[in-house]
Amino acid sequence: MLELRFHGRGGQGAVTSAELIALAAIAQGKFAQAFPSFGPERRGAPVMAFARIDDKQIRNRTAVSNPDAVVVLDPHILHIANSSDGLSKDGLQVVNTMRSADEIREEYNLKGRLITVDANHIAEQEIGRVITNTTMLGALIRATGVIERELLVDELKVRFGRLAEGNINAFNRAYEECCVEKG
Amino acid sequence: MAERKGMEVSIAIAEAASACDVDCIAAYPITPQTHVVEHLSEIVADGDLDAEFIPVESEHAAMSCCCGCASAGARTFTATASQGLALMHEILFIAANLRLPMVMVVANRSLSGPISIWNDHSDVMTERDVGWVQVFAENGQEAVDMVIMGHRISEDKRILLPLMVNFDGFILSHMVEPIEMPTREEVKKFLPDFEPQQRLDIDDPITMGPVGMPVVYTEAKMAAEWAVRNSYEPMVEIMGEFEKEFGRKYKPVETYRTDDAEILLIMMGGIAETAMTWVDKVRDEGVKVGLVRFRMWRPLPVDDFKKAIAGAKVLGVLDRHFSPGGPGGPMAQEIKYMLYGQDHAPKIVETVVGLGGRDVNFSDFDQIFDRCKEVLGGAPIPPFELIQVRGGHYGKA
């Protein structure tokens, strides 16, 4: 089973990220679940979302406390959220940052293998707004290989309709442009 | 078999109600039920369901409207949670005692105070005596299937009672997971048109809900008791027909790996899924433990429960609500009622977990199981215990 945790701010689409990857996994014939960290939704406040993906039925309704991969949607959230908390050995962290993996690892004492991508820049160019959830999924799919890229593109088309093109471009660019640390 | 599709459980429940071709929905939005009624109002507004959606000013009005709709012979659906269910309280009795078929889903949530929007069973457990049929779903698929079966059960002329489908707030309601959604055509085959036994009709007037003088009230209550108790057999029959049509088997009481188990954990709702995974883990370590889950809660499936726990020495009961200053959790009380006076009755370890959204995880099951092992080894049975209390549990702090 692959367990994922997304860190973002209310309004950045962390929950949508978790849902899209779960929907794509189910479309691929896998079992998956996605859910928010339950609570009042406040724009700008730190939020988490979770997803699980497996080849068999998932029977677990607890929050993800030992993720295999973490996605950090907002570069500044590292100041206030401990994204490394509970990260499994061999875990991955996919971080939205314009800085290098070494720099942020040292500053925030990050654990795991880092995948970095300047998602703010990509999202601004492709979508016209700094909403990074779909962009970050490109880097996550590249890093984990858990879902077929095309199935996620299909989910983006369904979810975003006429806005899909920019999101798909951002997703694809992050897939190509992210820096994946060697394992 | 329908294709598995990823859906939020609340959305799936709304789709299921729509597939049942309901005629009337009267509802007021409340967290964590909101997505159910929001989506239903969209389905109606889009013209995909020919139904009356009545946006009311409170849950008291919602349940009152539902009574009116069902009295007129309409297939009726609503949804609520927590304070909303509490606000319906007085009308719930009336719906049941007027024998009005309807289905209500309850996204189980704690009651205030302190204010909490999160999951436990305090809302529904304070409504045990209202005379409704009550079932608990463990996952999204079961919630969907229970809505479909619910209308058939509720409208069966041997039953004619309102039915409550309980599904945990957030840990079910807000979960995106795979669902096999029956089509409207498939549901139509299983669920015939509602044929009310009597209805309000201006051309053929009758009186519903008159005063029950002392000379008839007791008899009316006896009739209510019969109605709920006797709903058991037709319910089991309908679950069997559902299995034939859709291939998914539902029983009043569910067991998981209970063979040879001296200790069984007893619970209801969504935490049972996590518990099954925990059982798998400790069974792999060679520990004989199993799980029993109530799906049917009213009528209370006494014989099924006794059969499910036969041979067990200790039962660890996980309630999600309790009566302050009283005898502990409702499920444990009712299990004691079922087993009192029975020879070789198992010992009962009563616990309360997962209040107001506290995550229930493996370490909680470990702790309760350890308590059960101590009792199995001859230790005195502890009084009911609130698990997960920081700084020591009730009575020992």
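Which domains does the domain assignment of chain B give? The answer is domain 1 (4-246) and domain 2 (253-386), with bounds that come from an automatic or database domain assignment. Before going further, some housekeeping: this is a predicted model, where local features need pLDDT of at least 70, side-chain atom pairs count only at pLDDT 80 or more, and totals for chains, interfaces and linings use all residues. Residues are numbered from 1 along each chain as its sequence is written, while chains are lettered from A and ligands numbered from 1 in the order in which they are written.

Let's stay with chain B for a moment. The C-alpha centres of its domain 1 and domain 2 are 28 Å apart. Where the two domains of chain B meet, 27 residues come from domain 1 and 20 residues from domain 2; contact here is a matter of C-beta atoms, placed from the backbone, lying within 7 Å. On the domain 1 side, helix 5 (122-125), strand 6 (133-136), strand 7 (162-168), helix 8 (214-229) and helix 9 (232-246) of chain B each put in at least two residues. Helices (H or I, at least four residues) and strands (E, at least two) are DSSP runs, numbered from the N terminus. Strand 6 of chain B has the largest share of that side, four residues. By class, the domain 1 side that touches domain 2 of chain B has 12 nonpolar, 10 polar and five charged residues. In this scheme Ala, Val, Leu, Ile, Met, Phe, Trp, Tyr, Cys and Pro count as nonpolar, Asp, Glu, Lys and Arg as charged, and the others, Gly among them, as polar.

Chain A has six helices and seven strands, and from the N terminus on they run β-α-β-β-β-β-α-β-α-α-α-α-β. Its C-alpha trace spans about 40 × 40 × 35 Å along the principal axes. For 183 residues a compact globule would have a radius of gyration near 16 Å, and the 15 Å of chain A agrees with that; the radius is taken over C-alpha atoms, and the globule rule is 2.2 Å times the number of residues to the power 0.38. Of the 183 residues of chain A, 50% count as buried, that is, with 20 or more other C-beta atoms within 10 Å of their own C-beta, placed from the backbone.

Inside chain A, take a look at helix 3 (residues 119-126) and helix 6 (residues 164-177), whose axes come within 9 Å and cross at roughly 145 degrees. Those axes are lines fitted to C-alpha atoms over the stretch in contact, with angles running from 0 to 180 degrees between N-to-C directions. The helix 3 and helix 6 contact in chain A has five nonpolar, two polar and three charged residues.

And how do the chains meet? The contact takes 21 residues from chain B and 17 residues from chain A. On the chain B side, helix 10 gives the most, with five residues. B:Met175 is buried, with 25 other C-beta atoms within 10 Å. Not counting residues up to four places away in sequence, B:Met175 touches A:Gln33, A:Phe35, B:Glu8, B:Val9 and B:Gly140.

Terms used
A residue is buried if 20 or more other C-beta atoms lie within 10 Å of its own, exposed if 12 or fewer, and partly exposed in between; C-beta atoms are placed from the backbone.
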